[in-house]
Amino acid sequence: MIDLLDHRDGPRDECGVFGIFAPGHDVARLAYFGLYALQHRGQESAGIATAERGGNIMALRELGLVSQVFDEQKLRTLLGDMALGHVRYSTTGSSGWENSQPVWRSDHRELALAHNGNLTNAVELHAELRERDVAFRSTSDSEIIAALLSTHPAATIEDAIVDVVPRLQGAFSTVVMTRDKVVAFRDPAGLRPLALGILDDRYVVASESCAFDIMGARFLRDVQPGEVVTLDEHGIGSRMAVEGSRQAFCVFEYIYFARPDSRMNGQVLQVARGRMGEILWRESPVDADLVIAVPDSGNAAARGVARASGLPQDDGFVKNRYVARTFIQPGQALRKHGLRMKFNPLPEIVAGQRLVVVDDSIVRGNTTRQIVQMLRDAGAAEIHLRITAPPIKHPCYYGIDMSTREEMIAHDRTVEEIAAELGCDSLHYLSLDGVYEAVRGERATHCDACFSGSYPLAGSEGANGKFAFEDALPLVRA
Ligand code: SF4
């Protein structure tokens, strides 16, 4: 099985989570639309769990896109007053069905759980739970959180969460549903996003605010790092599990992962990305004729470059918007043209032009090298690459699947050497200061470890890899 269209060799999105408590609404359908808006955060599996107050939890999850997993008939069977949803790209555990979410457990208390992030002490916690004879059905770190909460003797789920959160290390934006409420909580560093919204007089949580817009809900605020937010028949409740920790919101969410129409920490990302383009030009002007984006990830920043430079901007590529994963073997002759299924350059636009080509990031460089070659083949006179992230040199342990350090093109190379590798005429990466200026944030409250190597949480380096359980432990199935 090959993933023909996985040509983007950038960092891989992690997961998207969603939760709603809204008696009288079609909660499964609302979860469906919420997940539909969050599809960019994970394309391997999708799942929805629903429950009526006091009733059992029903969950449906499958490998595939949201629109492939759910149809009208399935949504109609998912009845309830509240719902939980998840889209997944695997960061811990392989991408089999058993690792799709929501996770369901019924030990001391029945619950369903959706998690975005990565625990850096998953192997230790897993071993500890196994010693207590807790059985697992999956190899994902999310089930560890579910098991800790489901087996916890506390009277309320909130008390269980407040007790468990200090024992979890790493990133976790999490939504849990019990038989009577939905509870969202975020790790004390706030590494991954989690937003709170309101729909009429009911509340909703989601990884990104774009999930609210699609259903007519209104963004209220970000769930705070270390906060536990309850959505139930009383409306909304909040308490802090941990206070005063070093905050470390992932700076890459602004640059690439999140949808441009989402807002995070007061910033609408489309606007912040436009500023990245403006600063990029200020840092590295060049004699050129035309600005083009690598669609869609470079679109907003390319507009910023065009604004700041006064150069015209056009579409140098047409992107096939219907690209999804396909497992059809392309055959050797087609394989080398694979990227063209996604991007096709327009010779009429780029031929003879000195181009400023804008993209968000480069990890291994394979795609970028091909893009440069396609533009050369289409007749571009010069190619000046401008990237809205600093060079990526270090792996992420907080829920983003990057390549290994050795595979990263910026590992042990200067910018000039990378430009030579990619075959472009010049290359400039936005500085870290430029990123923080664009997002109007400070290093002290963010994570930029994949650029700087400075990990905000102690003990992160060498933490469990994606296949930690498969590697370190026998696969345990209940
Ligand atoms: S290491 Fe990079 S991708 Fe990972 S959380 Fe930090 S900034 Fe985000």
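**Close-up views of a predicted model**

**View 1. The shell around the ligand.** Leu-191, Cys-250, Val-251, Phe-252, Cys-396, Tyr-398, Ile-400, Cys-447, Asp-448, Ala-449 and Cys-450 are the residues around the ligand, each with its C-beta atom, placed from the backbone, within 6 Å of it. Two elements give two or more residues to this shell: helix H8 (251-257) and helix H16 (449-452). Helices (H or I, at least four residues) and strands (E, at least two) are DSSP runs, numbered from the N terminus. By class, the shell holds ten nonpolar residues, no polar ones and one charged. Here Ala, Val, Leu, Ile, Met, Phe, Trp, Tyr, Cys and Pro count as nonpolar, Asp, Glu, Lys and Arg as charged, and the others, Gly among them, as polar.

This is a predicted model, in which local features need pLDDT of at least 70 and side-chain atom pairs count only at pLDDT 80 or more, while totals for chains, interfaces and linings use all residues. Residues are numbered from 1 along each chain as its sequence is written.

**View 2. Helices H4 and H5.** Helix H4 (residues 122-131) packs against helix H5 (residues 141-150) at about 45°, and their axes are 10 Å apart. Axes are lines fitted to C-alpha atoms, for helices over the stretch in contact, and angles run from 0 to 180 degrees between N-to-C directions. That angle makes H4 oblique to H5 (under 35 degrees is roughly parallel, over 145 roughly antiparallel, 65 to 115 roughly perpendicular, and the rest oblique). From H4 come Ala-122, Leu-125, His-126 and Leu-129, which meet Asp-141, Ile-144 and Ala-147 of H5; contact means C-beta atoms, placed from the backbone, within 7 Å. The contact of H4 with H5 has five nonpolar residues, one polar and one charged.

**View 3. Helices H9 and H10.** Helix H9 (residues 269-283) and helix H10 (residues 299-309) cross at roughly 45°, and their axes come within 6 Å. H9 and H10 are therefore oblique to each other. Among the contact residues are Gly-274, Gly-277 and Trp-281 of H9 and Ala-301, Gly-304 and Ala-308 of H10. By class, this contact of H9 with H10 has eight nonpolar, five polar and six charged residues.

**View 4. The whole protein.** Stepping back, the protein has 17 helices and 23 strands. Of its 478 residues, 52% count as buried (20 or more other C-beta atoms, placed from the backbone, within 10 Å of a residue's own). Among contacts between residues at least 6 apart in sequence, 74% join residues at least 24 apart.

Key
Two residues are in contact if their C-beta atoms, placed from the backbone, lie within 7 Å. A residue is buried if 20 or more other C-beta atoms lie within 10 Å of its own, exposed if 12 or fewer, and partly exposed in between; C-beta atoms are placed from the backbone.
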